[in-house]
Amino acid sequence: NAEDIQFYCYTDSFNGEVMLLKFKIDKKFILKELKTYKFINQDTKLGTKQKIYFMPSDKDRIVSDNYTFYVIDDKENREYYKQYFPYFSGIGVSPDLKYILYYYINPKD
């Protein structure tokens, strides 16, 4: 039932990798997805203003302003969570619970 599906992928040996998948879906699906995964910042309330280190996007298509980002709880993300939020992988949710954004960001060291 997804609508307005947008995908962005960029890979480069100099800059690293970025994959974003955003789509419009019903609130029930989004809430189920948020319960499916364990997040480092799972207590963050929807709509909370977050300081984003870097969230790449195709400026003409994928916009993630005002999204709340939840970082998947794994070893790699825990190492960089505070310094480079929201690296490396997780889910962004629009404030009205109409859009979900899956992301993977791995910048080149």
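Q: Which residue of β4 does Phe 69 stand opposite, and how do you know that β3 and β4 are called paired?
A: In this predicted model, Phe 69 stands opposite Gly 92 in β4. Two strands count as a pair if at least two bridges are found between them, and β3 and β4 are joined over four bridges in the antiparallel sense, so the word "pair" applies here.

Q: What makes β3 a strand that is covered on both faces?
A: A residue is called buried when its relative accessible area is under 20%. Thr 68 and Tyr 70 on one side of β3 are buried, and so are Phe 69 and Val 71 on the other, which means that both faces are covered.

Q: What is the order of the strands in the open sheet, and why are β1 and β3 said to stand at the edges?
A: The five strands follow the order β1-β2-β5-β4-β3, with antiparallel pairing. Because β1 (3-12) and β3 (68-71) each have a single partner strand, one side of each is left without a neighbour in the sheet. On average, neighbouring strands of this sheet are turned by 15° against each other, direction ignored.

Q: How do you know that the other neighbours in this order are paired as well?
A: The cut-off is at least two bridges. Eight bridges join β1 to β2, nine join β2 to β5, and six join β4 (residues 88-93) to β5 (residues 99-107), so each of these counts as a pair. As examples of residues facing each other, Tyr 8 stands opposite Leu 20 in β2, Glu 17 has Asn 106 in β5 as its bridge partner, and Val 93 stands opposite Ile 100 in β5.

Q: What does helix α1 touch in the sheet?
A: Helix α1 (residues 27-36) packs on the sheet and touches β2 (16-24), β3, β4 and β5, while its direction makes about 40° with that of β5.

Q: Why is Ile 91 called buried?
A: Ile 91, which lies in strand β4, has a relative accessible area of 1%; buried means under 20%, so Ile 91 is buried. Leaving aside its neighbours within four places in sequence, Ile 91 is in contact with residues including Glu 33, Leu 34, Phe 69, Tyr 70 and Leu 101. Ile 91 and Tyr 70 are 21 residues apart in sequence and 5.3 Å apart in space, C-alpha to C-alpha.

Q: What makes up the largest nonpolar core, and which element gives the most to it?
A: This core has twelve residues in all, among them Val 18, Leu 20, Tyr 67, Phe 69, Tyr 99 and Ile 105. The elements that give two or more residues to this core are β2, β3 and β5, and β5 gives the most, with four residues. Apart from this core lies another, of ten residues, including Ile 30, Tyr 70, Ile 72 and Leu 97.

Definitions and conventions. Residues numbered from 1 in each chain as written. Predicted model: local features only at pLDDT ≥ 70, side-chain atom pairs only at ≥ 80, totals over all residues. Heavy atoms only, no water. Axes fitted to C-alpha atoms, helices over the stretch in contact; angles between N-to-C directions. Contact = heavy atoms within 4.5 Å. Buried < 20%, exposed > 50% of the residue type's maximum accessible area, 1.4 Å probe, protein only. Core = buried A, V, L, I, M, F, W, Y, C linked by side-chain atoms within 4.5 Å.
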